[in-house]
Every structure is written in structure tokens, then in C-alpha cells.
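Subject: Structure for you to look at, with notes

Dear colleague,

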Amino acid sequence: MKFNIQDTFNKELPADPITINSRRQVERACFSYVTPKHTARPSLVHVSPEMAEELGLSEEDIRSEEFLKVFTGNTVLDGTAPYAMCYGGHQFGNWAGQLGDGRAINLMEVEHNGKHWALQLKGAGETPYSRTADGLAVLRSSIREYLCSEAMYHLGVPTTRALSLALSGDQVLRDVLYNGNPAYEKGAIVCRVAPSFLRFGNYQIFAAREDTATMGTLVDYTIKHFFPELGAPSKASYVQFFQAVADATLEMLVHWQRVGFVHGVMNTDNLSILGLTIDYGPYGWLEGYDHGWTPNTTDRQHKRYRYGNQPNIGLWNLYQLANAIFPLIGEAEPLEAVLEGFKTKFEQKYRDMMKSKIGLYKADDLDPHLLDDLEENLQLTETDMTLFFRNLANFKKQVTDSGAFMEVVGEAFYVPDEVSGEVLEKWKVWFATYQSRLGQEELSDTERKQKMNSVNPKYVLRNYMAQLAIDAADKGDYALIDELFVLLKKPYDEQPEQEKWFAKRPDWARNKVGCSMLSCSS
């Protein structure tokens, strides 16, 4: 097994001079060297053939003992120096100080076919940033991350990727709901892959410590490797850098809203500088369309990170990044212009995205009202987001029966009997307006359906699906992990043999832990 190792982060940036792996505040350094923990009896659960190919690994490599050892942290490849990143962040709106890679260890950076990848183990042991935690991960949360990151990629959502999922062979103590009932679970390790795992918090920590020199070094490094088109370091290029980050963040958020993904914990240390979905913890998929829904039990009271608030939180986090890099620029106006532009751009891109979901492509001044009414109607009674938009593509322009919409989207309503009286009338009015609006479009029903189906997935990783795979894996059965992995590689395809997964959340999953309620330990 050979990699084209091209480490940059731990070669070009200042390192923590202390090499003892002890919990501490790390000053004036971007990372600390760390050796992953040796595990008892490591074993592979699943490997992504697609990601392996991206890294230049063969099937023989994947089956090798060396692969198992490297990607469970039991062997450090010659010529590499694993490390954990130093960063801070705002958690639920409050500055939390130093955070860092508490259970992630970066193995190496590699290049293959003109692409640059950083490889990172999640759950491979403690680091100086682990605080009071053990740096480990459990099978439950690891399956969720492994499946979801690859599912998001195939949905067309910017994301980190996953190479492998393995059992450590160790038992890990976790309190799933933070209610004083800890229990031992199977330990697991995921190898995550991305061009970079840099987050907003990597820059914030230096601003908080008034260490402008180290932050400038990190920003220059980031531009050099990930935004080279911006040119040499200067005030102008720093502003352009911020603009690029804002644009990438906006793009990611529009995709989240499009597919109904709720991150659950949008702290500034969980936002990628490259606009990638990062850190799959208590995430969830909208089942009932509800702007107020969050899957995170920790956020149950204030719902800061609810579905409908994700764009606002993205902007809030960008404000924090702007404050962090301000010392490098010395002027607030250009940064404020980027932030103001974010609001305008998001509104337009969100509207265009929503229009594409309902098959409208021409301009019409009344479209914003049509979309607002749709989002209001979707929340009148519990309505499955994925089923509604996917089935809406079957609506015909020439329908004459005002109640015919129920034949098309009725399957999406959790309690169809509630679509009566005033609720029914509102839907009839909306569909009449929608039908009239479709008359302005030149596409045939078949052409429109094809376009709508390219943005409205048929299959997403609903929480109950992941939980079924977790329950089976706990018993040593990994077949469902593979079934879902294969299913989610083609989320926009019909896949008739997998129709069972195109269905509303079953009643048994409504209030089940892992299906509707998740904590930050998830």
C-alpha cells in the first residue's frame, strides 16, 4: 500500500513544541503531534470502494493487514507525523475558548490524480484537546457519519467523505442522552477524507488570543493551498478570501435546505472554511416539513439550530469569522459588504432552488407568494418533505379535478384525514395557482418531471434507516450498512427493488432514541 504523501499543514505551520499528550492550552501553534491509540482487536466493517479509488488504493490494498492497521490507528506510516488541530469556537452562541481535535487525529495528506486529500481518523484516541473526554467514538455514531457523509456526496451536497469504518475491539462508555445512565458500547473508528478539515474556529482561536501573527500565517497558508487564484497575501486578497468562504458557505446551506438536512450543531468549530458539511453528530433529515425542527436534544429548548434557522446561523458564524480576520484587514466596510451580500444572494439562490423543486424556471413576480404559501401549507399538517416533492413531479398541467392533487401527493401526509376543511381548501387554492403557473412553462410534463427528479431525491438517510443499520451491526450483521450504502449512491434514481425505503417514517420510530432524538454523543 503506497500513498503519494504530500503533507503541508504539519510542514508549513507552527507546531506545538510540547510533545507529551496531555490536556492543556496550546499557544501560538496550529496543531499538536499525536500518536493514535493502539486498539485491542481491530476489524473492518466497511470500506468505500469509490473513495479508495480516489486515493489510489487497490482492492488488494483494502484487504491487506496494513490497511486495517493504518486506518484503525495501530500503525503509523513511515514518513508521516499524525497531529490534532488547535481551534476554538462559539458553541450555541457562546465563546467556548480552546476546543480542537478532541477525538480526531489527522494521519497525512496525499495526492492522487491531481486531487489533494487529508486523511483523518475519528475516534482514535485522546489528544491535548480532548478536555475531559476519552477521544474515542462508538459504532453507533460512526455508522451515522460513515453513511451520511457518502450519502450527502451523492446528493450533490458539499461534504467531507469517508473511506472506512472499523471496530476497535474496545468497549467505550457513553451516556447517550446525558441522563445519568452511561453504558458500554462497541468502539469504532471512521477514516474521514477532505481537501482540508480547517474550520472557522481555527482562525477564531488566534483572534481570541490576540495572536495576529499566527492567524496571518494560517490565512496565508489557506489561500496558498485552497484559494490560489486570490494571489499573494494582501488586504485585498484577505477580503476576497472572506468572500470565497461566504459564497461556499451559502452554496452548502442552500443544498442543506434543498434536501431537508439539519446539521443539529452549527457551532463555529463545525463550519468548514471550504464550505463542506463537516462533523456529522446529532444531524437529522426532515420527515415532517417543519421549519422549527431540530434533531439535537441539547438544543431542544431554544432550537437555535432548527431547520429554518440554518441560513441565519450560517450568517452569524460568518460574522464571527469576519471579526476574527478583521485585524489582518483593519477595515470593517469590505467585510460588512460581504455579509450584506450574503443576505441578498441567499434570498435569491434559495428562491431559485425552491422554484426548481416545483418545476418552475421562468420568472414571474408572483412566484415568491406561491413559494411562501407552499411552505405555509406544508406545515398545516405533518407532511413528509421527501415524498411530497418527489411525488409532486407527477402532477399534470392539464388536470381538471381540483382534488386530484391528493392522488399525487396524498402519500406524503402522515394523517391524511387532517387534509380537510380549511386545510383542504388552502391546498386546493395552492394547486390551482400552481397549475396555472405551470401553464407558463414550455417544458412538457415528462421533461419537467425529469428536471424535478434531479433536484428532489427519492432516497435520503432517514434517522430510522440509520438506526436499523446500527441495531443490526450491534449484533454483528453489517448487511444493512452495505444495502444503505449502495442505495444512497443513487438517491435520485427510481431503484424499484428498494421501494420500501421510499416511505414515511414508521410510527415505531416517531419517538425512538436514535430515530427522532439525538444528542451530541450521537
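Two strands are taken to pair if DSSP finds at least two bridges between them, while strands themselves (E, at least two residues) and helices (H or I, at least four residues) are DSSP runs numbered from the N terminus. Please keep in mind that this is a predicted model, in which local features need pLDDT of at least 70 and side-chain atom pairs count only at pLDDT 80 or more, whereas totals for chains, interfaces and linings use all residues. Residues are numbered from 1 along each chain as its sequence is written, and side-chain values use heavy atoms, with hydrogens and water left out.

Hairpin and backbone

Strand β4 (residues 88-91) pairs with β5 in the antiparallel sense over 3 bridges, and Q91 stands opposite N94 in β5. The hairpin of these two strands has 2 residues between them, and F92 takes a positive phi near 50° there. A96 belongs to strand β5 (residues 94-98) and, at 34% relative accessibility, counts as partly exposed; on this scale buried means under 20% relative accessible area, exposed over 50%, and partly exposed in between, with a 1.4 Å probe and protein chains only. Not counting residues up to four places away in sequence, A96 touches G89 and Q91, where contact means heavy atoms within 4.5 Å.

Most residues other than glycine have a negative phi. Against that background, N113 has a positive phi near 50°; this residue lies in the loop between β6 (104-112) and β7 (115-122) and is exposed, with a relative accessible area of 68%. Q495 likewise has a positive phi, near 45°, and is placed in the segment after α17 (479-487), but Q495 counts as buried at 12% relative accessibility.

Two buried loop residues

Polar contacts here are pairs of N or O atoms within 3.5 Å; within protein, one atom must be able to donate a hydrogen and the other to accept it, and residues adjacent in sequence count only if both atoms are side-chain atoms. T383, in the loop between α11 (367-377) and α12 (385-392), is buried at 0% relative accessibility, and a polar atom of its side chain lies 2.7 Å from the backbone oxygen of T381. Leaving aside neighbours within four places in sequence, the contacts of T383 include E287, Y289, F388 and F413.

S272 sits in the loop between β11 (261-262) and β12 (284-285) and is buried, with a relative accessible area of 2%. Its side chain has a polar atom 2.9 Å from the backbone nitrogen of L274, and the side chain of S272 also reaches the backbone nitrogen of L276 at 3.3 Å.

Aromatic pairs and the core

Rings of Phe, Tyr and Trp (its six-membered ring) pair if their centres lie within 6.5 Å, with planes under 30 degrees apart counted as stacked, over 60 as edge-to-face and the rest as tilted. By this rule the count comes to 35 aromatic pairs. Y146 and F485 are stacked, because their ring centres are 5.6 Å apart and their planes are at 15°. This pair links distant parts of the chain, with Y146 in helix α5 (residues 139-155) and F485 in helix α17, 339 residues apart, and both residues are buried. F431 and Y434, in contrast, are edge-to-face, because their planes are at 80°, with ring centres 6.2 Å apart; both lie in helix α14 (residues 421-438), 3 residues apart, about one turn of the helix.

Ring pairs also link a cluster that includes F388, F413, W427, F431 and Y434. A nonpolar core is a set of buried Ala, Val, Leu, Ile, Met, Phe, Trp, Tyr and Cys residues joined through side-chain atoms within 4.5 Å. The largest such core has 158 residues, of which F71, L163, W427 and Y434 touch the most other members, and helix α8 (residues 235-259) supplies its largest share, 12 residues.

Charges over rings

A charge sits over a ring if NZ of Lys or CZ of Arg is within 6 Å of the ring centre and within 35 degrees of the ring normal. R304 lies over the face of W316, 4.6 Å from the ring centre, and the charged end of K451 sits over the ring of Y361, 4.1 Å from its centre.

With best wishes
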